[in-house]
Each structure stands twice: as structure tokens, then as C-alpha cells.
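Please walk through the structure shown below, one region at a time.

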Amino acid sequence: MKRYFLFLLRVFLLFLLYFVLWKAAFMIFNVSAHRTAGLTDYFAVVFHGLPLDIATSCYLLAPIVLLMMVHIWRRVPFIYYILEGYYVLVAVLSTLICAADTCLYSFWDFKIDATIFNYLSTFGSVTNSISGAYLTAGLAAWVLVSILFFLVLRTATPTDFRFPPRARRIPVTLLSLLLCALMFLGIRGGIGRSTANVGMVYFSPNQFLNHSAVNPVFSLFSSMAKSRNYSRMGRFYSAARADSLYQSLLISPESVDTDSLLTTRRPNVLIVILESFAGTFVGAMGNPAGITPQFDALTREGVFFTQFYSTSYRTDRGVLSILSGYPAFPEASLMKMPIASRHLPSIAASLRRAGYTNSFLYGGDINFTNMQSYLRSTGYTDIVGDTHFTPEQRLTHGWGVTDSITFDYLYSSLRRRPAAGGRWQTTFLTLASHEPWGVPYNRFPNDEKANAIAYVDHCLGKFIARMKRTPQWKNLLIVFLPDHGIGYPDGLTEDNPRRYHIPMLWVGGAVRGPRTVDRICGQNDLAATLLGQMDIAHREFAFSRDVLSATYRYPFAYHTFDNGMAFVDSTGATVYDITSGRVLTDRPTPSARRLSLGKAIVQKNYDELSRLEQQR
């Protein structure tokens, strides 16, 4: 029995060592004047990359463990030769992937993933950028390393796998099942809420180090599982018809004669993304008073956007839309697609070019839905997640650190920032108002959702009261907005626009005075509107509109849900289910134009997503 488990341990460690050594080869081969890296960086890359290396090693070990479990009870003939065949497959494929990743990175500047198959229609499409000698050297390395890896694995394998005695087969099987459970944890990436993903190993503002930490085998196969042909999705019209409809929306990336809301062009900026803070909770939006008294009071001293809509129904999509001014998709989460999301513009990147530092705070797992990958790729350098807090604090909510603690952390952090002379932007994502709605608050005994929102409202009210007493307040702009709406009251579904009608509020010492903005707009419009107020160029935000600019000529909002979309303008709202091809809502009167515009947006957005996936 000991011999059996030592064999499995040896093979696992060899898989792990193999990927660790490939990291060294990848870094040495691709280091240039623009990608300086030393020994300390290598150790950091290895350490942070371990979760994906362990996950991939567990995947590769799993067939061996299953084969051995069968062999325990019923002898598998020629088991040694079966293992040899498996080693050949693993050695050849793993080395091919790692070698291709290493050799092509200097040309493509991204980790190998499923998009490489778009270039395999002809051999020349892969080799256009490289010389014959380079290709020959790469092929030789593939063959030699494959042979070496195979021989090492074969050496670690016993030539004779004896049956355990009958009396010991049950304990050996039970231990094997325990090993399977440990392998499952390794494959999953641990016991946290997020499963293993490429973004979980990102740790540095230097993208080369982040890419070095990514296991290329994991990157390729995980992206293959998610890969779809977006150019064929949402096909409602001819390309010319879709273009004509889309152009009629009069979307402009320019800010012209912008109506100023601020006392300064260079405020310090705090964006607070309030989890599930739906408009149906907010008294200032015509709903029953009492759930959000602090927020309601702030609407009377800040700039309140009353006709604001979420772009989608999930946090990963809402956060990306807010920070990158990008639309959401009915059947895709761009945050989960690192190869595409890294090309997005962002508020953080634009502010960094203007001399700002950028930080992000979240009390939960920062790797959830590849969030860390997206944040680091788009300009955030200082990222704080649940691991920055104590184990006790991380158990204060089902998703991590509850909001009263993170609001206190945020306050202490901002108090240390320069009140004048420095430029900084911080984004804070709350989490307490999310299932399982567990908050230390009970104002509404039979309404857990209202309790959770009321708790967040209490926390933000306390935070604002404290900030007003600091010197940082004078030059501070705080933007409050939700990541998405929810079904509250119970029974409010996606066919009702109230579900995604949400508040946006600007407050702070940098705000000129109280005001209400009643123009219809959406989360994707924050980027252009904010940068327009700061007189910072934002032409790259092609899907974001400055709501306060003279170029904002057709106010509308666009929302997506699970294979459905909604279009809202001054004439009403149309909600359409793409799967069934059925209009769910069309009020106050049916509108063929609203439906056709919504369909055109779906089609054009998928065209853009397809283009973005191919961008190099």
C-alpha cells in the first residue's frame, strides 16, 4: 500500500516540478528590456502560480488514480504499458502547449488559449511571424523535452503492480477515495467560493509576471470549455441593416459643452459599487420610505441620476460595465475572458494617464469570476481582497468580510491619503446585501433583503458622516451606484424594467451642489460622464456616452439577462426573450422601433465581442 501511494505522490510532484521549470524557461526566453525580471520575481511567479499548477497536475493525475483503483479489485492486464501510453500522451501534449506558449508569447503577448485554433486553418497562419530556423528550434525543443519528460515519468513508475491482499483492498480503496477528494480540492482551486481560474494567479501590476504565473495547459483547456463563436450569435439583420439601426442611436464618444457638476477638474474619486442596491428599495425613487434613509437624505445634497439602469444582472458584468463603459452580453461574461477583457479601456487606466493612482477594495474573494485578472489588466495596482483581513473577519458574512468592517478599512485608508496635491481613485465593491443576506441588523424582521440593504445604507451613512469631518472631503467626489438590481419585491422578474432601474448618486465636497439628472442612461455611461466632467479624453470608450454633453442626443438604456434583452427610451420599454423569439414586455404601447433597436444593439455588440477576442 505504501508503495502504491508513494508512486502516485512521485508522479504528482513530477507533474508539478515540470510546470515550475517551464515557468523558468518561459521567463528566460521572453525577458527583454520591457520585461525585466529577476530571481525574486521568478520565486514570486512560482508561488502565486502554484494553485493552477496544482490544479493541472491533479487533472493529469486523475486518470492514473482511477486506473489504480480499478487494478486494486480487478487486475488490469498490461497496466505498465497503459501507463506508458498515457505518459506519451501527457508528455507530447503538455510539452507542445508549453513550448508553443513560450515561443509565441513574444509575438502575440498573451497566454495561449482557445483562440489559437482560429489560426490553425493553415500551417502558414501560425508561422507567418516566425522564421524557419525559429520554428525548427521550437520543434526540436518540443521533441527533446517530450522524450525527457516521458523517460522521467517512466522511471518513477514501478514495473510490477501487485494486487494488495484481499484483506487490505478495502482500506486501500478508502484511502484512494480520500486521495480523490484531495485531488478534487486541488482541481477546484481550494475551498473558497471561486473555482480555479486564470485570474486567481495574477498578483502584479507587471502583466508579464502575471502571464508567467499562468499555467498554459490550464489556460488552453479552460478557455476551450468556454469558447464560442460570437460572430454567429444574435443574427437578426443583414450587416447593413444592423449598422443603419445602430447609427440611428446617435452614440457619440465626445464631450461637447458639458454641463459641469464639479467645483474642480481634478477631484479625488471614490466609486462605491453597492451590491444589489436595487431602486425598488430606495425611497427617493418613489418607493416606500424607511429602508434607505441615509441614501435618501444624500440625494438631497448631491447629484441624483433618477433614470439610471443596470446593463445586466450579475456582479461581474455590472462591474465591468461601470469601470470600462462596456455593454453586457446575453450569453457571455467578458470578465471571465482574460484574453478579451485585457484590451478594454477603463476609468482606472484613463485616470492613471492623468497622474492618478488606482486601488480596489472588496471584502470577498478577489479571484471570483476572474476579477483580479480584469482589474490588473485595466489599471488597478493596489488590490485588497478578503485575504488582507483576519480569519475571524472573513467569516462575518457568507461571501467574506461584512461591510461595516470594510467601510471602516476604507475610511482609515482614505484618511491616510493626501487631502491636497495627490491624485487618487479608489473603487470599493460591497458584499453584505447579497444572498444569504446575513447581516447584524433586524429592522425588518420578516424581510431579509430589506434588512441587508438597510444595513448597507447604515454603513454608508456612517462612512459619509465621518468623511465629512476630514480634510479629504473638500476635494472628494464619491459615486454611489449598484452592480445590478434584484427581484424585490418578490416576483419582480426580468420582464419588468423596475428590476434594473437603479440609483446613481454623486456626493462629496467636489460636487457643486444638489441637482437631479432625469436623462435615461445606464451603467456603461458612467465612464464618459465622469471623464467628461474631469476634461479627460475618452474617445476609446465607444459604448459610453457623456450624459451631460451636448452630444447626448438620444437618451436610452440597454439591459441584458440570460439570453434576453431590454431597451428603454422616452417612449417606453421593450423586453425580448431571444431564445423563444418572444416579446415579454412592450409598454406603454407596442413599439417595433424599440424592438429593432434592441436587436441591433445585441447584434453589433456580439460583432464587437468577436472582434475583441481576435485582437492582438
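Trp424, Thr426 and Phe428 point one way from strand 5, while Gln425, Thr427 and Leu429 point the other way, and all are buried. Buried means under 20% relative accessible area, exposed means over 50%, and partly exposed is in between, with a 1.4 Å probe and protein chains only. Helices (H or I, at least four residues) and strands (E, at least two) are DSSP runs, numbered from the N terminus. The model is a predicted one, in which local features need pLDDT of at least 70 and side-chain atom pairs count only at pLDDT 80 or more, while totals for chains, interfaces and linings use all residues. Residues are numbered from 1 along each chain as its sequence is written, and side-chain values use heavy atoms, with hydrogens and water left out.

Strand 5 is mostly covered, with 6 of its 6 residues buried. Two strands pair if DSSP finds at least two bridges between them. Strand 5 pairs with strand 1 in the parallel sense over 5 bridges, and Val269 stands opposite Gln425 of strand 5. Strand 3 also pairs with strand 5 in the parallel sense, over 6 bridges; here Ser359 stands opposite Thr426.

Strand 1 leads on to strand 6: the two run parallel and are joined by 7 bridges. Leu481 in strand 6 is the bridge partner of Ile273. Strand 6 (residues 476-482) has 7 of its 7 residues buried, so it is largely enclosed by the rest of the structure. Both of its faces are covered, with Leu476, Ile478, Phe480 and Pro482 on one side and Leu477, Val479 and Leu481 on the other. Strand 6 also pairs with strand 7 (residues 501-507), this time in the antiparallel sense over 3 bridges. Val507 in strand 7 is the bridge partner of Ile478.

What do the buried residues of helix 15 pack against? They pack against strand 1 (268-274), strand 3 (357-362), strand 5 (424-429) and helix 16 (448-467), where contact means heavy atoms within 4.5 Å. The buried residues of helix 15 are Asp403, Ile405, Thr406, Phe407, Leu410, Tyr411, Ser413 and Leu414. The expected span of a helix is 1.5 Å times one less than its number of residues. For the 13 residues of helix 15 (residues 403-415) this gives 18 Å, and its end C-alpha atoms are 18 Å apart, which agrees.

Helix 11 (residues 315-324) is mostly covered too, with 10 of its 10 residues buried. Among them are Asp316 and Arg317. Helix 11 is followed by Gly325, whose phi is positive, near 60 degrees.

In soluble globular proteins, nonpolar side chains tend to be buried together. A nonpolar core is a set of buried Ala, Val, Leu, Ile, Met, Phe, Trp, Tyr and Cys residues joined through side-chain atoms within 4.5 Å. The largest such core here has 77 residues, and those with the most contacts inside it are Leu334, Phe360 and Trp506. The largest share of this core, 8 residues, comes from helix 18 (residues 592-614). Apart from it lies another core of 45 residues, among them Val272, Ile291, Phe304 and Met467.

Charged pairs come next. A salt bridge is a side-chain nitrogen of Lys or Arg within 4 Å of a carboxyl oxygen of Asp or Glu. By this rule the count comes to 16 salt bridges. One of them joins Glu84 and Arg154, whose closest N and O atoms are 3.3 Å apart. This pair links distant parts of the chain, with Glu84 in helix 3 (residues 79-108) and Arg154 in helix 5, 70 residues apart. Glu84 is buried, with a relative accessible area of 14%, whereas Arg154 is partly exposed at 33%. The side chains of Glu540 and Arg353 also meet in a salt bridge (2.8 Å, N to O).

Asp577 is found in strand 12 (residues 572-577). Leaving aside neighbours within four places in sequence, Asp577 is in contact with Asn563, Gly564, Arg582 and Leu584.
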